Amino acid sequence: MAHLRLLLSHSRYHPHPHRLLPLFRFSTSNSGDPPPPTIKPVSYAPKPQAPPEEASSPDARSASPGWQDSPPRRFEQQPPNPPRQFTRQEVRFVKDAGPAIAPVSYPSRVAPLPEDRPAEDGAGEGVNEQDLRGEAERIEMNAERSRRSIFGVPVEEETVPYPSLIPVAKRPQKVAIDLVDALREIKTSANEKKRNFTETVEAHVMLGVDPRRGDQMVRGAITLPHGTGKTVRVAVFAEGPAAEEARAAGADVVGGDELIEEIRKGGGKLSFDKCIATPMFMPRLSKVARILGPRGLMPNPKLGSVTNDVSGAVKAAKSGRVDFKIDKTAIVHVGLGKINFSEESLRENIGAFVNALLLAKPVGLKKTSKYVGYVKKFTLSSTMGPGFPVTIPSLSAAADDYSKAHVS
């Protein structure tokens, strides 16, 4: 009857018949099963308890079998609680919480001195012979090591001294001297050492500019009054009438496209020291720019090597035209003549170079006067000789003399 009521209540909320099938099966399956077995209660015998007077005594409690399992009563005295263990953070705020540490002192240990040691038996009578024999053998072995023999020839080893630090001796800086005195010193040092060639008088100028900045680049060209003292081979890239003018002016090599192909296929071998070109040949020279550029032979309009006046450029190059440019360390290196020139000729060449160096001074260089701040150091030397610093006033006098005599 109960199953039927369950089916009816379920069908009221779930009208679909297929959802009632599980319940119907459950009800039909349970209807034919036998009833479950009845559960019988189980009872255990009560635990025996000791009388009150016996349980109060400690002997009686220890004798009873269940005393240890029974919980302690309230009226019985509980054992004292152990002391609380404080953490390291809590110990800082609790007085006398940590364990008391008693000071411990240890006896000082002192090494016994030789006079405090007990004397050995027979120590004062003499030295042990075995120790003497061992010392003698050691000395003989060291002597044998120092006397080696190679193929029967005795060779003594060199005693190497113990390494020691050698203080670095700084070279005293040379004092700047007058230009004429510097030229005399250069000639004297060159004549003392005979060379197989004629040395060149070189100038090395340290400038106060920044070569990384484009507005402080120093470069230029100057025709020395007395030349450089060496033969200059000039090549001219020109065609037609310009080529004829170059040959008449004394150019060593004159050509056009055939000269460019010869340089490109020559494997880096060049038969000239200066290059001059007409403006129409500049686009064609891009084929050999990688060969001429690193050697400083590429024609440049700023240096006057790209011009339509070919004859004048060839004569200037033959007469001693010098190009100069600062390097990465802001230093200009240039040759101003040979050592066999007279002192006056060398002075005029140096004056012309200093005048051109002043004309090439960058406009954007601030906080400098004519020389101070721009020319830091000027040194003259021969090709293989020592350098001699030159005073700025003597250079200024040479440049003024040249400008008065040659510049209108």
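In the predicted model, phenylalanine 388 touches Ile177, Ala182, Glu185, Ile186, Ser189, Phe378, Thr379 and Leu380, when residues up to four places away in sequence are not counted. Phenylalanine 388 has its place in strand E11, which spans residues 387-389. Because its relative accessibility is 14%, and buried means under 20%, phenylalanine 388 counts as buried. Between phenylalanine 388 and lysine 174 there are 214 residues in sequence, yet the two stand 7.4 Å apart in space, C-alpha to C-alpha.

Contacts of this kind can be set beside values for the whole chain. The chain has 13 helices and eleven strands, and of its 408 residues, 26% count as buried. Among contacts between residues at least 6 apart in sequence, 71% join residues at least 24 apart.

Helix H8, made of residues 241-249, has Ala242, Ala243, Ala246 and Ala249 among its buried residues. These four residues are on the same side of H8, because they cover an arc of only 125° around the axis. An α-helix has 3.6 residues a turn, so residues three or four places apart point the same way. The face of H8 that is turned away from the buried side carries Pro241, Glu244 and Ala248, which are exposed. The buried residues of H8 are covered by elements that include strand E5 (234-237), strand E6 (253-255) and helix H11. Just after H8, glycine 250 takes a positive phi of about 105°.

Strand E5, which takes part in covering H8, is itself covered on both faces, with Val234 and Val236 buried on one side and Ala235 and Phe237 buried on the other. E5 pairs with E7 in the parallel sense over four bridges, and in this pairing valine 234 has lysine 274 of E7 as its bridge partner. E5 also pairs with E6 in the parallel sense, over three bridges, and here valine 236 stands opposite valine 254 of E6.

An antiparallel arrangement is found for strand E3 (residues 200-207) and E9, which are joined by six bridges. Methionine 206 stands opposite isoleucine 331 in E9. Strand E9 is mostly covered, since six of its eight residues are buried.

Several of these elements also take part in the largest pocket. Rolling a probe the size of a water molecule over the atoms shows where empty space is left. About 990 Å³ of space lies in the largest pocket, which is lined by 35 residues, and of these Asp273, Lys274, Gly296, Val322 and Asp323 lie nearest its centre. Two or more residues of the lining come from each of strand E4 (219-223), strand E7 (274-277), helix H11 (310-319), strand E8 (321-325) and strand E9 (331-338). E8 gives the most to the lining, with five residues. When the lining residues are sorted by class, 14 are nonpolar, twelve are polar and nine are charged.

Key
Residues are numbered from 1 along each chain as its sequence is written. This is a predicted model: local features need pLDDT of at least 70, side-chain atom pairs count only at pLDDT 80 or more; totals for chains, interfaces and linings use all residues. Side-chain values use heavy atoms; hydrogens and water are left out. On a 1 Å grid over the protein atoms alone, a cavity is a set of points where a 1.4 Å probe fits but cannot get out, and a pocket is an open set with protein on both sides within 12 Å along at least five of seven lines; lining residues have an atom within 4 Å of a point. Grid points are joined across faces, edges and corners, and a volume is the space filled by probe spheres set on the points. Ala, Val, Leu, Ile, Met, Phe, Trp, Tyr, Cys and Pro count as nonpolar, Asp, Glu, Lys and Arg as charged, and the others, Gly among them, as polar. Buried means under 20% relative accessible area, exposed over 50%, partly exposed in between (1.4 Å probe, protein chains only). Contact means heavy atoms within 4.5 Å. The arc is that of the directions from the helix axis to the C-beta atoms. Two strands pair if DSSP finds at least two bridges between them.
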